[in-house]
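I should like to walk through one structure with you; please turn to the display.

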Amino acid sequence: MELSLVESTSCRRLNFDASDDCRDNEFDVIDEGTDSTMLLMSSDTSIIEELMPKIGMEFKTEEDAYEFYLKYAKQVGFGIRRSKSHNDKSGKLVDRIFCCCAQGKRGKDKRDVYVKSHRPETRFGCDAKMKISCRKNGNLSVEQFVKEHNHYLSSPNKTHLYRSHRNISSSAAIQIEMASDVGIHPKASHDLMVKQVGGRDNLGFIPQDYNNYLRAKRTRNIRVGDTGGVLEYLQKMQFDDPNFFYAIQVDEDDLITNIFWCDAKMRADYGNFGDVVCFDTTYRKNNEGRPIALFVGVNHHKQSIIFGAALLYDETSLTFEWLFDTFTKAMCEKKPITILTDQDAAMAKALTSRWPETHHRLCIWHIYQNAAIHLSRVFSEFKDFTKDFASCIYDFDEEEDFISSWNMMLTKYALEDNDWLRRMFCIKEKWALVYGRHMFCADMTTTQRSESMNSILKRYVTYQHKFLDFFNHFQRLLDDRRYEELKADFRSNTSVPCLLYPIEILKHACSIYTPEAYKCFEQEWYKSHDSIIQIYEDVGSHTKYKVTSHKKSYHHIVTLYSWGQKIECSCRKYDFAGILCSHILKVFTMKNIMEIPSEYILKRWTRKAKDGYFGVTELVANKGSLDPKTCKSMRYKELSGLYVQLVTKAAEREDTYKVVKDGLLSMFQMVDERLQVNEPTVQHSIEREFEIGEGNSLGVKGIKTKKKVISGKRLKSGLDKISKKRKAARKNNQTSTIVKAIGEHYESISSMPSVEGLSMVETQFQPLLSTQLSQVHSDIGYFQTNDQERCHQL
């Protein structure tokens, strides 16, 4: 069937002089064997008559006309763009042309001579267009419409690839940003959105648009800068949460060095569970390679919780002193009872000067790691040394027994002159359990919770993240951890553990403790039935019992006082962990005590650990450092909460209603009188490094940068370095063996050609070290000119 070019059709076949390879991939290419003319002629029949522009059709705005023509173009199968327009003297639009995306020709570029591979042609001089004008009656109306095209039109499943039909809507943009914030890969997020709308052609944009949107967003953040972005984020958090606290330290050049922050939930958690804190730093989890310091604790569900976080410039004692002072201010001057750290000299110095009343305990796991480094020979030669060393750390209740056992260990293994053990003995109060049993540590002897939190942190942030990205992804970590706590609260409130034995004291413990804390109590109760008890001393005021656990060579003394219900154990587990030990429970069983005395129920392990009023006023005690607008918002929220509580209680009875009403009327009068008086000028003595406020009012010039890092791996420990050195030494020994053996056979090799000499080396030394043959090849092959000189140099 032939089709004349003179006929009026909605599309005509394009007669290219160039090959098919120069066609843009935007345009449909009809498969071989398909009658393209039939497809083209049937295009008019698929167009809805209402979508066809008509002469005289009016529109309210230019945008309405553009959307109408765009809808028509999508139905027909081509893309459009805005072309020429004219405005009057006042700037009002007079006329506008909307043309096909293939209109015109590509102009010549003087840079074309330097281009090796040109982009495909996408403009073919198509005359299809719609022109609107307001010259006739003052309203925008269709003045000209040309529907004929000189190129192939696209089928409906390809139309979405035209640029004019690709647009990211506001709702899609929100979804893209949310996916980016939670760390979903762009391809996975795009595929999900495609599934939601029922296909790629219904989504409205392609993966390239998705990536371009994210790139444009990052560009906008770069324009704001790290400093402006971080300050804006912190101020937004403070606006959303008036109890959000942050502090910034700057150096003499007004560059930000250290940043600390904590929100209301962190501060409330610290009020309930801040008796013990694990403190540690992790490395290279942001683009600047700054250490991240986390204050970590444990809640009543035995879950790790974060009390505060900081991005540090370095790890000097001055930095840690600033950090500990800032943390204390954020927590209303409350300091922890115990803090666990590793053996960092800068941390120890800062803690001694800033938190002298806090018990500083060292991580026992790090003690073992350092022992493996400094005492590697002893560990390898004596199998019993590990047991004796652990006994000194854990087993003794009295200081005299510990010192005696320590001296015996030194004598037994001839370690009296060991410098590392001498230094460790000087700080024995920080790691030996005999000196820490009276300190409450929530049953923690290591910084494992901090190490675990650092490991979890790797799932959310990497060294590739900029500052602002780091804050956003860190918030994801907090949200996930808090949701786990929420689920644990739900399980604790709606269920109870299943009891294997319906014992009264277990029923009582099950009703008051959280399921995780109850498991600890249950284990102690089980162990109490696997121990032997004897009366050690019985006097009028008290009775002492000797309790020996199964397979233990030592015993513990439990003292039960006749007055009241006071009971003590030499192991002091209750003082250390907050849970009664198996030795005391053994005495309870013997004395038929069926419930846990109330004075030995620590609230922090119970289901009601978070009950009680945690004062909002205390949380915002540091108001002097905030800007007036934020302070006003905080005061309003505080008073609103108190007012609701007051009127709710007062409305219960008539007499309380009158009391509150009279009091409020008098308070109104007092407030009015006070407001008439000029507000006194308050002098704020805020140190430079603790300034907090809106915008860039701090006067900072930027963030002090560190040297870029190329790896996100944690720095290697001493033990890892020793192992690496040993492997390198073994490799060097093997290589030197090869060199020595080749030297011994120099005479036999020197008289042979290079190939024969190489073959002999391979034959004689293959069993010795096959992995080194490649190196032997390269070493011998290097000296090709003179065999004798070559072997001599080798």
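A contact, in what follows, means heavy atoms within 4.5 Å. With that in mind, please note that we are looking at a predicted model.

Let me begin with I393, a residue of helix 12, which spans residues 385-394. Is I393 buried or exposed? I393 counts as buried because its relative accessibility is 1%, and the cut-off for buried is under 20%. Leaving aside residues up to four places away in sequence, I393 touches I364, Y368, W431, A432, L433 and V434. As for W406, it lies 13 residues from I393 in sequence, and the two C-alpha atoms are 9.5 Å apart in space.

I turn now to helix 20, residues 582-590. This helix is mostly covered, with 7 of its 9 residues buried. The buried residues are S582, H583, I584, L585, K586, V587 and F588. Against what do they pack? Their partners include two helices, helix 17 (504-512) and helix 18 (515-528). They also pack against strand 13 (531-538), strand 14 (542-549), strand 15 (556-561) and strand 16 (567-569). After helix 20 comes N592, with a positive phi near 60°.

Finally, a word on confidence. The protein chain has a mean pLDDT of 77, and 73% of its residues reach 70 or more. Over residues 1-44, however, pLDDT stays under 50, and the model has 67 contacts beyond four places in sequence for them. Residues 745-794 also have pLDDT below 50, with 50 contacts in the model beyond near neighbours in sequence. Where pLDDT is low, the predicted coordinates should not be read in detail.

Note on methods
Residues numbered from 1 in each chain as written. Predicted model: local features only at pLDDT ≥ 70, side-chain atom pairs only at ≥ 80, totals over all residues. Heavy atoms only, no water. Buried < 20%, exposed > 50% of the residue type's maximum accessible area, 1.4 Å probe, protein only. Helix = DSSP H or I, 4+ residues; strand = E, 2+ residues; numbered from the N terminus. pLDDT = per-residue confidence, 0-100.
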